[in-house]
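Subject: Structure handover

Hello,

Here is the structure I promised to pass on, with notes on what was found in it below. Please keep it open while you read.

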Amino acid sequence: MAQPKNLKKLTRTRMERTGESYTTARKAILDAKPNRPASAAAAEEAAAAAQEAELPEYPAPENVMQYDAGLWHRVLTQAGIKHPLTGEPLSEALLAGLAGGIGFMAFTFVYEQTTTATVVTRSHPEPYTANLLARCGAKVTERTTGSARLAADYLDAGLDAGRAVVVRVSIGALPWIDSDAVEDSDSIDLVVVGEHGEDLLVDDGSGSLTPISPEDLAAARSRRKKDKHWLAWIPESSSPEAQTLAANVREAIAQMTGRLLGTSELEGIPTHFAKNFGIAGMNNWAEKLRDTTTAKGWSRIFAEPARLESGLTQILGFLTDTRFGGTGGLRGQYADFLTEAATLPGLEALGAHAADYAHLAQDWMVFTDLVDPAVEAETRGAYFATLADQLEVIAAAEERAATALADTLGTLGD
């Protein structure tokens with residue numbers, strides 16, 4: 001995840017000044033420091049460019065819960081894609097649910113100098129964006145190429161058609177990102193919405209359009225090996241049919257419940273890693289949090305203060321960032337998805353399950369508030385046990401909710 005430079009130092013300085021907790025201070029800094037040019041000149045240029053070149057009907061980010069679903073909500077809105085029943089744009093919650101919605105994964109890796117900790121609460125390991133595009137019901141033009149010239153031509157074609165174009169870039173290659181703070185393989189999707197002078201304007205979710213030279217954008221796109229110079233845009237304003245959306249909702253829910261409950265195979269994941277996913281992954285993490293004796297227990301792998309602080313900071317980042325997690329583990333957004341999905345033909349029964357996920361959102365918020373990178377290393381055993389207590393509450397509630405939802409799904413007709 002891309003972060004402002006010196007985030008840890010800024011957080012501790014704010015804590016001393018305001019008396020806030022580490023979690024609150026860190027969130028305030030991240031909210032105030034979007035990952036884009038910070039100079040006054042750059043901000044003025046982006047604002048002026050937005051007025052001149054912003055595509056018609058392209059909305060600004062607003063109350064985004066999940067980055068990629070929010071991004072495609074804006075792109076589909078600009079393209080004129082409408083909900084078949086309401087005539088309104090497809091909501092972020094509906095798109096997030098179609099993408100796969102929620103999930104769980106936890107991994108740690110011990111290196112010579114540090115121990116990394118990754119926690120994902122969105123759909124994973126399935127391809128989130130690919131599922132969203134396949135299930136949203138809109139016609140999508142996608143391109144990949146090894147040629148920088150063709151990549152530029154494909155981008156121009158979308159812009160010339162008056163459409164926002166989504167491109168995939170290596171985060172560390174963006175001019176305004178601290179490359180030392182991200183992994184070489186970290187990627188993000190941006191929306192190219194137009195031109196301003198010799199620059200392109202991109203929406204990076206920060207709330208303002210950011211100028212970038214075509215050369216810098218091409219370089220960031222070319223760093224991707226698997227999907228080099230990938231882009232996508234919506235060529236037609238043809239909206240999906242209600243029955244199509246309903247069928248795709250059922251498919252998405254079946255995938256989500258199967259993944260969380262461990263009743264479906266995780267494609268591309270070795271069998272011995274499966275214990276780190278879904279509800280089994282939550283319980284496995286709780287066991288490691290309670291383990292104070294073995295080499296795999298968290299009390300051992302995070303014994304050093306620097307490793308402990310770094311690991312908890314990473315976890316907090318994943319839980320609060322909108323890329324792989326989000327407020328309430330994205331469970332509140334999934335409740336909204338079920339409520340909206342229940343208005344589609346034959347899916348009325350789904351609405352009864354929204355409350356389960358609204359409650360789970362509160363449970364995840366409690367867990368997130370417990371994650372404190374400033375905890376003393378000497379107290380880590382008791383502290384990890386507290387985290388495990390809340391995680392086990394969540395795992396039990398997740399199992400009940402997913403089982404009940406899967407049961408209801410089985411009663412719905414095709």
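The buried residues of helix α10 are G278, I279, G281, M282, N284, W285, A286 and L289. Buried means under 20% relative accessible area, exposed means over 50%, and partly exposed lies in between, with a 1.4 Å probe and protein chains only. Helices (H or I, at least four residues) and strands (E, at least two) are DSSP runs, numbered from the N terminus. An α-helix has 3.6 residues a turn, so residues three or four places apart point the same way. Helix α10 covers residues 278-290, and its 13 residues should span 18 Å at 1.5 Å a residue; its end C-alpha atoms are 19 Å apart, which agrees. The expected span is 1.5 Å times one less than the number of residues in the helix.

Two points on how to read the values. This is a predicted model, in which local features need pLDDT of at least 70 and side-chain atom pairs count only at pLDDT 80 or more, while totals for chains, interfaces and linings use all residues. Residues are numbered from 1 along each chain as its sequence is written, and side-chain values use heavy atoms, with hydrogens and water left out.

The whole protein

The protein has 15 helices and eight strands. Of its 414 residues, 50% are buried. Contact means heavy atoms within 4.5 Å. Among the contacts with a separation of 6 or more, 71% are between residues 24 or more positions apart.

The cores

A nonpolar core is a set of buried Ala, Val, Leu, Ile, Met, Phe, Trp, Tyr and Cys residues joined through side-chain atoms within 4.5 Å. Which residues touch the most other members of the largest core? They are W72, V249, W285, L350 and Y357, in a core of 103 residues. Helix α15 gives the largest share of this core, 12 residues. Apart from its neighbours within four places in sequence, L350 is in contact with V249, I253, L338, A341, A342, L405 and L412. A second, separate core has five residues, including M105, F107, V120 and L266.

Aromatic rings

Rings of Phe, Tyr and Trp (its six-membered ring) pair if their centres lie within 6.5 Å; planes under 30 degrees apart count as stacked, over 60 as edge-to-face and the rest as tilted. By this rule there are 14 aromatic pairs. The rings of F107 and F109 are stacked, because their centres are 5.8 Å apart and their planes are at 5°. F107 counts as buried at 15% relative accessibility, whereas F109 counts as partly exposed at 40%.

The rings of W298 and F384 have their centres 5.7 Å apart and their planes at 85°, so this pair is edge-to-face. The pair links distant parts of the chain, with W298 in helix α11 (residues 298-301) and F384 in helix α15 (residues 380-411), 86 residues apart. W298 is buried at 4% relative accessibility, and F384 is buried at 0%. Ring pairs also link F104, W285, W298, F302, W364, F367, Y383 and F384 into a cluster.

A charge sits over a ring if NZ of Lys or CZ of Arg is within 6 Å of the ring centre and within 35 degrees of the ring normal. The charged end of R122 sits over the ring of Y128, 4.3 Å from its centre. For R143 the ring is that of Y154, and the distance to its centre is 5.5 Å.

The strands

Two strands pair if DSSP finds at least two bridges between them. Strands β1 (residues 102-110) and β2 (residues 115-122) run antiparallel and are joined by seven bridges. F109 has T116 in β2 as its bridge partner. A hairpin of four residues joins β1 to β2.

In strand β5 (residues 187-196), nine of the 10 residues are buried. β5 pairs with strand β4 (residues 165-170) in the antiparallel sense over six bridges, and R168 has D189 in β5 as its bridge partner. β5 also pairs with strand β6 (residues 199-203), again antiparallel, over five bridges. Here H196 stands opposite D199 in β6. Two residues lie between β5 and β6 in their hairpin, and G197 in the turn has a positive phi of about 65°.

A loop residue

N63 lies in the loop between α3 (40-53) and α4 (67-78). N63 counts as exposed, at 69% relative accessibility. N63 and E92 are 29 residues apart in sequence, and their C-alpha atoms are 9.7 Å apart in space.

Regards
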